[in-house]
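Please walk through the model below with attention to its pocket, its charged pairs and the confidence of its parts.

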Amino acid sequence: MSRNDTEIRIRRATARDARRLTALVRTSRAYEGPYASMVADYRVGPDYIETHRVFVAAGAGGGVLGFYALVVDPPELDLLFVSDAAQGLGVGRLLMEHMKGEAREAGLTEVRIVSHPPAEGFYLGVGARRVGTVEARPPAVMWDRPELVIDCAPVRGLPAREGRSRRP
């Protein structure tokens with residue numbers, strides 16, 4: 001899969017996506033080694049999808065390239081995953097831009113992110129700023145995690161968010 005031949009469409013997740021999103025989380029190479037226990041039994045259930053703003057990045061054939069979950073109250077990016085095969089294609093950046101648009105539509109001006117430690121650089125690269133550290137909570141989470149905030153306020157002079165389908 002290359003950047004040039006991948007048409008990406010962002011759509012709202014449905015309960016039917018739950019198994020695919022769970023598989024994406026559990027098989028992510030970002031959670032190998034010491035992080036594996038964090039996602040070993042993780043489940044993205046239909047109830048979670050219905051409760052939160054969960055959006056999927058789908059490729060031309062409908063395959064799931066990534067997804068995110070925005071919790072509105074309190075404002076937090078709860079999940080953001082990109083499939084291993086789609087890494088480096090701009091899917092994560094596209095999802096983050098979409099998330100900021102969703103946050104604005106919900107009346108939010110900023111969103112908290114508690115990052116997986118190896119993903120901190122990605123979040124900083126898309127405009128988040130570090131505001132602290134969330135301490136480990138054994139046995140569920142065995143390591144400290146970066147706490148970041150990303151600004152979602154509208155930028156003056158820019159057009160409103162475009163359609164949900166575009167190339168990264």
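In what follows, Ala, Val, Leu, Ile, Met, Phe, Trp, Tyr, Cys and Pro count as nonpolar, Asp, Glu, Lys and Arg as charged, and the others, Gly among them, as polar. This is a predicted model, in which local features need pLDDT of at least 70 and side-chain atom pairs count only at pLDDT 80 or more, while totals for chains, interfaces and linings use all residues. Residues are numbered from 1 along each chain as its sequence is written, and side-chain values use heavy atoms, with hydrogens and water left out.

The largest pocket has a volume of about 850 Å³. A pocket here is found on a 1 Å grid over the protein atoms alone, as an open set of points where a 1.4 Å probe fits, with protein on both sides within 12 Å along at least five of seven lines, and lining residues have an atom within 4 Å of a point; the volume is the space filled by probe spheres set on the points, which are joined across faces, edges and corners. There are 38 lining residues, and the closest to the centre of this pocket are Tyr 31, Leu 80, Phe 81, His 116 and Tyr 123. The lining divides into 23 nonpolar, seven polar and eight charged residues. At least two lining residues come from each of helix H2 (36–39), strand S4 (76–82), helix H4 (91–105), strand S5 (110–114) and helix H5 (120–125), and S4 gives the most, with seven residues. These elements are DSSP runs numbered from the N terminus (helices: H or I, at least four residues; strands: E, at least two).

Helix H5 also contains Glu 120. Glu 120 is buried, with a relative accessible area of 16%, where buried means under 20%, exposed over 50% and partly exposed in between (1.4 Å probe, protein chains only). Leaving aside residues up to four places away in sequence, Glu 120 touches Ser 115, Arg 130, Pro 146 and Leu 148, a contact being heavy atoms within 4.5 Å.

The charged pairs come next. With a salt bridge taken as a side-chain nitrogen of Lys or Arg within 4 Å of a carboxyl oxygen of Asp or Glu, the count comes to nine. One of them links Arg 129 to Glu 110, with their closest N and O atoms 3.5 Å apart. Because Arg 129 lies in strand S6 (residues 129–134) and Glu 110 in strand S5, this pair ties together parts that are 19 residues apart in sequence. Both partners are partly exposed, Arg 129 at 43% relative accessibility and Glu 110 at 37%.

Another salt bridge joins Arg 112 to Glu 147, with closest N and O atoms 2.7 Å apart. Here Arg 112 belongs to strand S5 and Glu 147 to strand S7 (residues 145–151), so the pair ties together parts 35 residues apart in sequence. Arg 112 is partly exposed at 29%, whereas Glu 147 is buried at 19%.

Confidence remains to be considered, expressed as pLDDT, the predictor's confidence in each residue, from 0 to 100. The protein chain averages a pLDDT of 89, and 89% of the residues score at least 70. Over residues 1–5, however, the pLDDT is below 50, and this stretch has eleven contacts in the model beyond near neighbours in sequence. Residues 160–168 also have a pLDDT below 50, with 26 such contacts.
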